[in-house]
Amino acid sequence: MTERNRRNFIKATGVGLLGGLAGCTRGGSSGSGGGDGSSGGNGSSGDSTESSSGSDGDLAIPLEEYQSADIDWRQFEGSQINIGAVQHPWVSAIKPAVPVFEELTGIDVVWNILPEQQFRTKRQTDVSTGAGQFDIFYMDQVVNQFREEGWIQPLDPYFDDSSLYDEEWYQPDDLFEASKWQAHGGGYSDSWTGIPITVEVQTQFYRTDLYEKHDLEVAETLEQFRQNAQTIHENESDVVGTVGRGQKGYGMNIYILNTFLREYGAELWTEFPNDSGLDTDGVIEAAEWYTSLLQDYGPEGASTQTWSDVLATMQEGRAGHIVADANLFWPGLTGEDSQVGEDIGIAKAPRPADGTFSPNAFNWQISTSKNASNSEQAFLFMLWASSEPTNTWMHLDNGAAFSVRQSVWENDEFRSRVGDNFAQVTLESLQEAAPDPFDRKYPEWGQRYSEELQRAIAGQKSAEAAMTRAAEVAEDIYSG
Amino acid sequence: MSTPTQTESANRTTLARLRDLWNDYLPYWFMAPMVLVMVMITFFPGAYDLYLSLIAEPTFNVFEAEFVGLSNFETAFTRGGAFHSFVITITVVVSALALETALGFVLAALVAGVDSGRMKGFYRVLFIIPMAVAPVSLATIGRIMLNSEIGVIPYVIETATPFAAPAFLSDVPLLTVILLDTWNWTPFMFIIFYAGLSSVPDTLVEASRVDGAPLWRRYVHVIIPYMKPVVFVATLIRLIDLFRTFGVVYGLTNGGPGTATQLVSINIYEQMFINNQLGVAAAIAIVYLVLVVALCNIIIAKVGFEGVWD
């Protein structure tokens, strides 16, 4: 590679890493970023505990948007809620609108924003000791562990309370099915465990200039994707055919592989909790496809690539494709940090020729604990934050691109801002998304499953041996 | 009802008893604050860790937890990967310690042999710089510099030699970790050894020179024996510190690929904060604590007092 490319890449990698540390979050991952793919954003910096009250000036959103709801917004006037959150684009996108909630309800909002790992520790301590400091907190892959421990409060009683909820105004059917499903413990709970606030879905990114140069068509199938990767890998110097997450962690390599195993007809836990399904033909085929793709046409050391490495490699123009990653990469790839911003295309994730399109999706949600003293106020905040007016404002006026509401993705003004193709690909992918079902011990067996996959990508063992071992470990964890 | 005189007498008796109590146990009162501090910072965490290793998980309601005996220890060594991580840790500790000791001594000897005072200062600063790099920065810089596609180190290897550079973090991760730690911590050994060399009396060195001993003999028979306490203390401190290695390796490889660089410290972290296996993490920590303390005590007892300070 040239010196200029090297310098540029190092610069982009540094920017990516810093961006990741600042704003990208998702658990169970690596040292150089625990994130999934939510690039950019204006993540709040540093630890902070601050109240939103006291801001002056006009409200961001007219109160009439909410006062039309048959909800007694002011029944808790004079109280206060504490929100525990990670440094995340959602926080920076919604914060300017929080005075609207405070004006609407008379409830003060206090933010407790922490780096992700510190937040996880504090959250677990808060709920398990019964401290109840947080009335609302960010919730992720540990939702079913928290639920089964009795730490999370189901929201159904609040949805049933006519003074707190107006279905006609809230329009729950506007929420993506995948988001609602994940808010119900990923299929493990009949009750609402929280309200989804952000969603991301897997898509593929490709270099339009290289596609034109080599007369390639956008891949719809995994076979076409591999062929395209091979063509670019073999005909371009200093550009690898593809790049994808190889690093272990439940937000890393298996976040990608889980899409493909579903598309090959397999599923996680074919018989919960006795048969993990990880040693079925579909999983092994998916793992073989993914590992061989990265080994043959990926960068050297693909097994250690984190999401930020993937993003940086693509930003620098050093890869032909990204294998199915989060749509939230889009701003980072097409923005000013990218060396190839004009030449990035987005398309739906590929699937096997005889398989089913089933991209992975991930939602952050906000929940309340059984020990929280202001859960009803917290529920009002959750409704307000995930409502259509608030979501529309965040996405039209404050740079967000992670809405759990279909209406936002269909909004012409929003589509004009983010690009019609990006919005349409994301919308269609989200409508058919199938998130991971995070069972109670997912963090533990997911970590081991990801370690085995990393071994396979590194060439330490075959994909079949790795997945067979992953199945043994997962089942052993539940039998133990 | 007691009279004022009786009350006064009783008070005097109480004061006298307190004074006696103070005088009789004077040495213990002086030690009490230290004992209290030790209990708070050493024995309580250790005892609490032991308690956590014996209860069911996952839970933080520890006082209502179910007692499970040695079950967490069994889990730690079956599916918890404890044995593997102990092997990895020992490999890293022994290799890095040997390299850092040897390199640190060689560098110290070379700088000590430089005649120019200005150049000596220059080399001292130059060799100390790596130690000033924070672990998270080192890991981040390491990931970039070692990256097979854009890293400067593979680039230099491939430009300067006819060999293809390995994918450091996936093909030779353990070696990479050891070398990076060596780069980071050799300066520590260098500083101590340099100070030790400076303390060797010139008369001894001069006498051996007059006797006609070549340079290597002067080091083997005069300088190194004189420096034995310095070498011992430096290696012991570094040994203990190596057992605590975490940040650089976690940031660099995340303990992988797979578990190829999963040190005990990383394993404990993952069990605790990723798997939420509090008891298993505590069990591994207990075993680790016992092993490290035992090893250090054996070294101090056998090598320290008999070989160095006798």
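**A walk through two chains**

Trp269(A) lies in the loop that connects H12 and H13 of chain A. The model in which it is seen is a predicted one. The backbone at Trp269(A) has a phi near 55 degrees, which is a positive value in a residue other than glycine. Is Trp269(A) buried or exposed? With a relative accessibility of 5%, Trp269(A) counts as buried, because buried means under 20% relative accessible area.

The loop of chain A that runs between helix H12 (253-263) and helix H13 (281-297) also holds Pro273(A). A cis peptide bond links Phe272(A) to Pro273(A), and its omega is about 0 degrees.

Chain B may now be considered in turn. Asn254(B) is located in the loop between H12 and H13 of chain B. Its phi is near 65 degrees, a positive value in a residue other than glycine. Asn254(B) has a relative accessible area of 1% and is therefore buried. The loop between helix H12 (247-253) and helix H13 (264-274) of chain B also contains Pro257(B). The peptide bond that leads from Gly256(B) to Pro257(B) is cis, and omega there is near 0 degrees.

A charged residue of chain B comes next. Arg218(B) belongs to helix H11 of chain B, which covers residues 215-243. Which side chain of opposite charge is nearest to Arg218(B)? It is that of Glu206(B), at 7.5 Å. Arg218(B) is buried yet has no salt bridge, because a salt bridge requires a side-chain nitrogen of Lys or Arg within 4 Å of a carboxyl oxygen of Asp or Glu. When neighbours within four places in sequence are left aside, Arg218(B) is in contact with Val205(B), Ser208(B), Arg209(B), Ala213(B) and Ile223(B).

The discussion now turns to the contact between the chains. Chain B contributes 35 residues to this contact and chain A contributes 45 residues. About 3,500 Å² of area is buried between chain B and chain A, and carbon and sulfur atoms give 48% of this area. Three salt bridges are found across the interface of chain B and chain A. Glu444(A) forms a salt bridge with Arg79(B), and the closest N and O atoms of this pair are 3.4 Å apart. Between chain B and chain A, 10 residue pairs are in polar contact. On the side of chain B that touches chain A, the elements giving two or more residues are helix H6 (135-146), helix H7 (152-160), helix H8 (168-171), H12 and H13 of chain B. H13(B) gives the most to this side, with four residues.

In soluble globular proteins, nonpolar side chains tend to be buried together. Here the largest nonpolar core has 202 residues, and those with the most contacts inside it are Trp90(A), Trp111(A), Phe381(A) and Trp384(A). Helix H4 of chain B, residues 82-112, gives the most to this core, with 11 residues. Another core, of seven residues, lies apart from it and includes Tyr206(A), Leu210(A), Tyr211(A) and Val239(A).

Among contacts in chain A between residues at least 6 apart in sequence, 76% join residues at least 24 apart.

How values were computed
Residues numbered from 1 in each chain as written. Chains lettered and ligands numbered in written order. Predicted model: local features only at pLDDT ≥ 70, side-chain atom pairs only at ≥ 80, totals over all residues. Heavy atoms only, no water. Core = buried A, V, L, I, M, F, W, Y, C linked by side-chain atoms within 4.5 Å. Buried < 20%, exposed > 50% of the residue type's maximum accessible area, 1.4 Å probe, protein only. Lys, Arg positive; Asp, Glu negative; His and termini not counted. Contact = heavy atoms within 4.5 Å. Buried area = accessible area lost by both parts, 1.4 Å probe. Polar contact = N/O pair within 3.5 Å; in protein donor to acceptor, adjacent residues only side chain to side chain.
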